[in-house]
Amino acid sequence: MNDDIKPAKPLLDANDLQTAVWRKIKEHIEAKQAKARSRLENDLDPVETAKVRGELKAHRHLLALGSPSPAPDAHEDETK
């Protein structure tokens, strides 16, 4: 582990997160997440399940833009 690595700086600052545009984007993404989660409750084939899970992952990454921590699964490729 490298102690020199600092947490990623958020792409959006506190002012950005207070804008009406960000709130609309966040609401839109959260609504899409809810729809995708409900689709996962259906009997989907493996390909469609993977597609929906990929959508959910993309939604999490978008919502993490204002977070000071790395996006979820940001280091996933490093373990392979």
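**Figure 1. Surface of the predicted protein model.** The protein exposes about 6500 Å². Carbon and sulfur atoms supply 55% of that area. Accessible areas come from the Shrake-Rupley method with a 1.4 Å probe, and for residues only the protein chains shown count as cover. Of the 80 residues, 14% are buried. Buried means under 20% relative accessible area, exposed means over 50%, and partly exposed lies in between (1.4 Å probe, protein chains only).

This is a predicted model: local features need pLDDT of at least 70, side-chain atom pairs count only at pLDDT 80 or more, and totals for chains, interfaces and linings use all residues. Residues are numbered from 1 along each chain as its sequence is written, and side-chain values use heavy atoms, with hydrogens and water left out.

Figure 2. The protein has 3 helices and 0 strands. The order from the N terminus is α-α-α. Helices (H or I, at least four residues) and strands (E, at least two) are DSSP runs, numbered from the N terminus. A contact means heavy atoms within 4.5 Å. Among contacts between residues at least 6 apart in sequence, 49% join residues at least 24 apart.

**Figure 3. Close-up of D16.** D16 sits in helix 1, residues 14-17. D16 counts as partly exposed because its relative accessibility is 30%. Leaving out residues up to four places away in sequence, D16 touches L11 and W22. D16 and G66 are 50 residues apart in sequence, yet 8.3 Å apart in space, C-alpha to C-alpha.

**Figure 4. Close-up of T49.** T49 belongs to helix 3, residues 46-63. With a relative accessible area of 16%, T49 is buried. T49 touches L40 and L44, not counting residues up to four places away in sequence.
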